[in-house]
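Subject: Structure handover

Hello,

Here is the structure I promised to pass on. Please have it open while you read.

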Amino acid sequence: RTERYTLAHFYPVNEWELFDLEKDPQQMRSVYDDSAYAKTVTELKTELDRLRKEFKDTSDSAEAGQANDAQPARTKKGKKGKAKAGNQ
């Protein structure tokens, strides 16, 4: 994200969206497929790749998006194995 643009990639479905926050501050209409924004898309994807390398982020697939979903919900248990209120 920059001051003007939000680029989003939805890994599980491999969909991209780009929003021009100056023209569409509510992010209602993606301009990702608009040829007028092709250079912006390229620049933002290049920056995303640079940041991912810098932070060693290798999660690049649907599995990355599903990793959190595969974990069962955990609750803290008090004495005698009963779940504490507010931790469910």
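This is a predicted model: local features need pLDDT of at least 70, side-chain atom pairs count only at pLDDT 80 or more; totals for chains, interfaces and linings use all residues.

Residues are numbered from 1 along each chain as its sequence is written, and side-chain values use heavy atoms, without hydrogens or water.

Strand pair. Strand 1 (5–10) runs antiparallel to strand 2 (residues 15–20), and six bridges join them. Strands here are DSSP runs of E with at least two residues, helices are runs of H or I with at least four, and both are numbered from the N terminus. Two strands pair if DSSP finds at least two bridges between them. Tyr5 has Asp20 in strand 2 as its bridge partner. Four residues lie between the strands of this hairpin, where Asn14 takes a positive phi near 50°. Five of the six residues of strand 1 are buried, so the rest of the structure largely encloses it. Buried means under 20% relative accessible area (1.4 Å probe, protein chains only).

Helix residue. Thr40 sits in helix 1. Thr40 counts as buried because its relative accessibility is 14%. Beyond its neighbours within four places in sequence, Thr40 is in contact (heavy atoms within 4.5 Å) with Tyr5 and Leu18.

Lining of the largest pocket. Strand 1 and helix 1 (38–54) each supply at least two residues. Strand 1 gives the largest share, five residues.

Best wishes

How values were computed. Buried means under 20% relative accessible area, exposed over 50%, partly exposed in between (1.4 Å probe, protein chains only).
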